[in-house]
Amino acid sequence: MSLSPTDLLLARSELSDLVCNVNRHYELHQYAAMAALYTEDAHYANWRGDVVGRASILRLMRDRAPDRLVRHVLSNIVIEVESATRARGLCYVTAFLNPHGHPAARAVPQDGPPAIAEYHFRFQRVDGQWLVAEKQTVEIFAPRLLANDGPSH
């Protein structure tokens, strides 16, 4: 089944927005809203854990330090729509951190140099909505300051 050029553009736009919204909810500690953007059986893997299922993702997120401030710059977002219900994505991530800056009422110092990573996504369309079926963080450059404790995002 091939998609029309209009449907392909719409899917890519929706998926790019999904990537940004997942990230933004994470940064603002809105974990329930973030987890709702994953499929029920989603796979989530990063330096903190490798879990399966929306509920497990939510537990992993709620286990984060409550005062940790992180902001990500997402770039080079590439979306490959495979069908009307499946897609893949990749983006580069530059993460900036202050372990005690949340909530950010004013500018705070950055703790060390930024970390650089890639997010690898698999997407699935469920009941007319694109959701994340898999997200894997692949570390590229980790700040030396945080190398012993895990990457900064």
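Is Cys-20 buried, exposed or partly exposed? Select Cys-20 and show its surface: at 36% relative accessibility, Cys-20 counts as partly exposed (buried is under 20% relative accessible area, exposed over 50%, partly exposed in between, with a 1.4 Å probe and protein chains only).

Before moving on, note that this is a predicted model, where local features need pLDDT of at least 70 and side-chain atom pairs count only at pLDDT 80 or more, while totals for chains, interfaces and linings use all residues. Residues are numbered from 1 along each chain as its sequence is written, and side-chain values use heavy atoms, leaving out hydrogens and water.

The structure has zero disulfides (pairs of cysteine sulfur atoms within 2.5 Å).

Next, switch to cartoon view. Six strands make an open, mixed sheet in the order 2-1-6-5-4-3 (strands are DSSP runs of E, at least two residues, and helices runs of H or I, at least four, numbered from the N terminus; two strands pair if DSSP finds at least two bridges between them). Strand 2 (49-52) and strand 3 (69-81) stand at the edges, each with a single partner strand.

Zoom in on strand 1 (residues 38-46) and strand 6 (residues 129-141), which run parallel and are joined by four bridges. Pick Tyr-44: its bridge partner in strand 6 is Lys-135.

Last stop: select helix 3 (residues 54-62), which packs on the sheet and touches strand 1, strand 2 and strand 6 (contact means heavy atoms within 4.5 Å).

Conventions
Axes fitted to C-alpha atoms, helices over the stretch in contact; angles between N-to-C directions.
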